[in-house]
Amino acid sequence: MPIVTIDNHTIEVPEGTTILEAARKIGGDIVPPTMCYYSKLKGSGGKCRTCLVKVSQGSAKDPRPMPKLVASCSTPVADGMVVQNITSPEVLEARKAIVEFLLINHPLDCPVCDQAGECDLQNLSYEHGANTERYEEDRREYDKVDIGPNIQLHMNRCILCYRCVYTANQIANSRVHGVLYRGDQAEISTYIQNAIDNEFSGNVIDVCPVGALTDKTFRFKSRVWFLKPMNAHRNCTKCSGKVVVWKFGNEIYRVTARKDQFHEVEEFICNDCRYDHKQPEDWTIEGPAKLSKQSVISQNQYGNLKKPSIILPIEHRTEKQE
Amino acid sequence: MGRKILLENIDKEGIERFDVYRKHGGYTALEKALKLTPDEVTEEVKKSGMRGRGGAGFPTGMKWSFLDKKSNNPRYLICNADESEPGTFKDRYLIEKLPHLLVEGLIISSYALGVNTCYIYVRGEFKYLIGILNKAICEANANKFLGKNILNTGYSLDIHVHSGAGAYICGEETAQIESLEGKRGNPRIKPPFPALKGLYDCPTVVNNVETLAAVVPIISMGGEEYAKIGTGRSTGTKLISASGHINRPGVYEIEMNISVEEFLMSDEYCGGMKNGKPLKAVIAGGSSVPILPAHLILKTANGENRMMTYESLADGGFATGTMLGSGGFIAYDEDSCIVRNTWNLTRFYHHESCGQCSPCREGTGWMERVLHRLENGEGRMHDIDLLTNISKNIEGNTICPLGDAAAWPVASAIRHFRDEFEFHVKNPGIVKNIKHGSLKKYTV
Ligand SMILES: Cc1cc2nc3c(=O)[nH]c(=O)nc-3n(C[C@H](O)[C@H](O)[C@H](O)COP(=O)(O)O)c2cc1C
Ligand code: SF4
Ligand code: SF4
Ligand code: FES
């Protein structure tokens, strides 16, 4: 099995593992951030380029460095590979540029966005972005559209990660959800504004890293950080019935799938559980849900708090930072 | 007179017809190839040293040898006729005038690769070529050079013509494969490379029209003979699409041993600058390659004559050199505005980006908007460095080379013509009053 070194940590992983998955096995600060890759979705990844890393040694057999930064989510490891993520100033600089690109056509309407507080883009720019803005031109604008009774699409906020496209393709029988047009004019769309109607369609809301796809039954009900996320389950014939219910007092405001530490859904849930069971008696509460450390709402609420790691400005960084 | 190999018979009346093509020695290379084993044919192509004519210049023989021959899946050959690079128009010319040359090249190449199904992916705007190609294919079929059991050798091949829908990005080989499969033309993430997993996940080779046509003379004369033409690792002849402010725009076949100056000035080729105006700059290999000012395109930084070869044009790296690319040679005279030209090219890349990866999707549009402001006298000094920085942030960080292709023209224009960008900032009045036809205010 190949042995790979990432930011001075060495690990042995099965053949075919990507650099990103190897880094996730090591864990901690050296895990590259991801905006498009989703381990549960076949074919996802490679697009957003936030997970770029530097391969300073290709393999034991061919120790030459790779000529360009590579997307860690879609590059398999090789035996003897040496990878630099946060120990490479070049990588951090490129990542900062990527954050800037992602924010160009993003409206920065966080104060009124339902995703605020649990938004991957917010977290990413907090950790990796520059604190000034250089983009002064117009941003693209779209009207909000309802895709089906329960989901609203707000294209202005979309970062075209394609996660929802893969989700829709992989859980529905017929393909009704895709991308139209090209370049920065590209947009997520359903076939002639068709309702996405299949029993698992609501999962596109959970996989969307930003506030482009939101739950209409929850829109503007509350800021997420005022809610208490609790693991809960019910007997469901369609899905596992294992969810997180978001409570305010005794009232259930919304239901989502459970997410792991990388902010990925653990098990997709059905629309019945998501939209139609909002009474306390519908659910057996298991206890508080663990939130990922980056999440804004995890701060001040539950145990295992971690101070956000401080990213030094590039000029203060040394190659080997412990 | 330079030697013509590909275009030797182009002026013969009716050469697009099978009988005329055959009378002038057509399909004899195929007959010769079918007497060799497929590996021997590949060996000839390797010996020829020919490099792919689609832009990247990767040695064709080597590319063929990467094709996975162990897999039990069918293998495919795709002929890339999506030619959409601004400044490049050689493939269209070749297909229009010499369709049988391409068909013969496809049959020989397919035979060498053990391919039984071959596709020609034709740019959407080139609808008129489809009829020409299909006619040539039918004629070859009728004469037993194509179809089942070719010339009783037991080898069978079908060639299908497929029309694109007008997207530059579908010229990128993996986007082309997706498009052929009936999907959105998004480039794939590599690895895996098409040689292992291409069309329908089967081993696939994608080659340019000119590359595949050149296989015919390689087999006719033998790889070693072909390798003697040209210089160094630039063997054989190359089609150059010449345009811009020159007296004789058109497609020229050159031996890769003439200087840029000779190509530009000689009456056999470009015939000198239009109205005798001085040369200002040249884009030597299609819009994607760095633009060079007159003094650097005619002589390298060491003062040697710049030649029309892969190596010589690349001499000096991107600091003082460029690339042969797909051979789209665009000459600019002293009246051309580099800022406007750069904006125009960037507009193209912005329009053609598939939008998969964030640096290219967002960066191309950003550069276009900033350039548009500069061009309209609304730029500021720091915009110039901003542009360089955006192009640097795109370059190398994308899925496919379109990102690089969008970044290089901007970076090189600022590298070599910074004074012109500064002029635009300092003289908004003058710049605004120059009318270049319709100058619409840019809106998103
Ligand atoms: C954005 C983009 C557009 C391209 N367009 C073309 C094209 O129109 N025709 C072509 O032959 N190659 C094109 N290429 C290059 C192909 O990807 C591929 O390298 C080429 O067809 C290989 O052929 P060759 O080995 O014969 O050069 C393009 C590449 C990129 C990145
Ligand atoms: S809507 Fe959300 S999940 Fe879908 S592509 Fe846009 S950002 Fe990604
Ligand atoms: S570089 Fe541009 S064209 Fe190529 S895959 Fe990325 S977005 Fe698409
Ligand atoms: S997470 Fe790897 S490119 Fe988006």
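Predicted model: local features only at pLDDT ≥ 70, side-chain atom pairs only at ≥ 80, totals over all residues.
1. Basis. Local features need pLDDT of at least 70 and side-chain atom pairs count only at pLDDT 80 or more, while totals for chains, interfaces and linings use all residues; side-chain values use heavy atoms, with hydrogens and water left out. Residues are numbered from 1 along each chain as its sequence is written, with chains lettered from A and ligands numbered from 1 in the order in which they are written.

2. Extent of the interface. Chain B puts 37 residues in contact with 36 residues of chain A (contact: heavy atoms within 4.5 Å). The two chains bury about 3,000 Å² between them. Buried area is the accessible area (1.4 Å probe) that two parts lose on being put together, summed over both. Carbon and sulfur atoms carry 49% of the buried area. Three residues stand out on chain B: Arg361(B), Glu362(B) and Trp366(B) supply 21% of the area this chain buries against chain A, more than any other three.

3. The rule finds five salt bridges across the interface (a side-chain nitrogen of Lys or Arg within 4 Å of a carboxyl oxygen of Asp or Glu). Glu137(A) forms a salt bridge with Arg373(B), with the closest N and O atoms 2.8 Å apart.

4. Elements on the chain B side. α15 (338-352), α16 (358-375) and α17 (381-394) of chain B each supply at least two residues to the side touching chain A. α16(B) gives the most, with 10 residues. Helices here are DSSP runs (H or I, at least four residues), and strands are E runs of at least two, numbered from the N terminus. The residues on this side divide into 13 nonpolar, 16 polar and eight charged, with Gly counted as polar.

5. Ligand 1. Of the 19 residues around ligand 1, Gly54(B), Lys63(B), Asn207(B), Asn208(B) and Thr211(B) come nearest (near: a heavy atom within 4 Å). Strand β4 (residues 204-208) of chain B gives the most to this shell, with three residues. The shell divides into five nonpolar, eight polar and six charged residues.

6. Atoms facing the ligand. The side chain of Lys63(B) places an N or O atom 2.9 Å from an oxygen atom of ligand 1. A backbone N or O atom of Arg53(B) lies 3.3 Å from a ligand oxygen atom. For Gly171(B), a backbone N or O atom is 3.3 Å from a nitrogen atom of ligand 1. The protein covers 90% of the 610 Å² of accessible area that ligand 1 has on its own (Shrake-Rupley method, 1.4 Å probe).

Notes:
Polar contact = N/O pair within 3.5 Å; in protein donor to acceptor, adjacent residues only side chain to side chain.
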